[in-house]
2 protein chains.
Amino acid sequence: MADFSFEIEEHYGQLSTNAKGWAKELTKVAWNGRPAKYDIRDWDPDYEKMGKGLTFTHEELKILRDCLNKMDLD
Amino acid sequence: MADFSFEIEEHYGQLSTNAKGWAKELTKVAWNGRPAKYDIRDWDPDYEKMGKGLTFTHEELKILRDCLNKMDLD
């Protein structure tokens, strides 16, 4: 992992936090200097360590939004 | 993985598909007989194989929806 790098460009919102202060969060992250992608994963309070997560394209995130708006979550 | 089991209880929408027919999809899945959780991951066309993914509580999914609705994605 010698060349591993990341930069969080945007923080859109924390979905939850746990007892250790880690937060499941929607962000935009540039991994290894590549163009930033939308991303959902757990982060430690200092944003130095992360859990496994998923990245999303802009189009995927729009479809996800439309999908969630059709669900009866409230 | 001898005792590994899953049942997809709901299909809410495919966010994308790739050339091999795998789909990134929002579903509700009961893992190992436990109560079903919301889930985003890649599935093969027969829903027999899966990629790594994330599970979400009802509350997390509501927050994610609200978060996406505040973003200017269109």
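Modeller: Let us begin with a term: a salt bridge here is a side-chain nitrogen of Lys or Arg within 4 Å of a carboxyl oxygen of Asp or Glu. The idea behind the term is that side chains of opposite charge can pair when their charged atoms come close. Please keep in mind that you are looking at a predicted model. By that rule, there are 10 salt bridges over all chains, and the count between chain B and chain A is 6.

Here is one of them to find on your screen. B:Glu60 forms a salt bridge with A:Lys24, and their closest N and O atoms are 3.1 Å apart. Because B:Glu60 sits in helix 1 of chain B while A:Lys24 sits in strand 2 (residues 23-31) of chain A, this pair joins two chains. Another salt bridge links A:Asp74 to B:Lys62, where the closest N and O atoms are 3.8 Å apart.

Which elements of chain B does the side touching chain A draw on? Strand 1 (6-17), strand 2 (23-31), strand 3 (37-43), strand 4 and helix 1 (58-70) of chain B each give at least two residues to that side. Helix 1 of chain B gives the largest share, 10 residues. Sorted by class, the residues on this side of chain B are 14 nonpolar, 7 polar and 6 charged.

Now for the interface as a whole. In total, 27 residues of chain B are in contact with 27 residues of chain A. The area buried between chain B and chain A is about 2700 Å², and carbon and sulfur atoms give 69% of that area. Three residues, B:Leu15, B:Arg65 and B:Leu73, supply 23% of the area that chain B buries against chain A, more than any other three residues.

Chain A has 1 helix and 4 strands, and from the N terminus on its elements run β-β-β-β-α. The C-alpha trace of chain A spans about 45 × 30 × 20 Å along its principal axes.

Finally, find the largest pocket, which holds about 160 Å³ of space. Strand 4 (residues 50-56) of chain B provides the largest share of the lining, 4 residues. By class, the lining has 1 nonpolar, 2 polar and 4 charged residues.

Key:
Residues numbered from 1 in each chain as written. Chains lettered and ligands numbered in written order. Predicted model: local features only at pLDDT ≥ 70, side-chain atom pairs only at ≥ 80, totals over all residues. Heavy atoms only, no water. 1 Å grid on protein atoms, 1.4 Å probe; cavity = no way out; pocket = protein on both sides within 12 Å on 5 of 7 lines; lining within 4 Å. Points joined across faces, edges and corners; volume = space filled by probe spheres on them. Nonpolar A, V, L, I, M, F, W, Y, C, P; charged D, E, K, R; others polar. Contact = heavy atoms within 4.5 Å. Buried area = accessible area lost by both parts, 1.4 Å probe.
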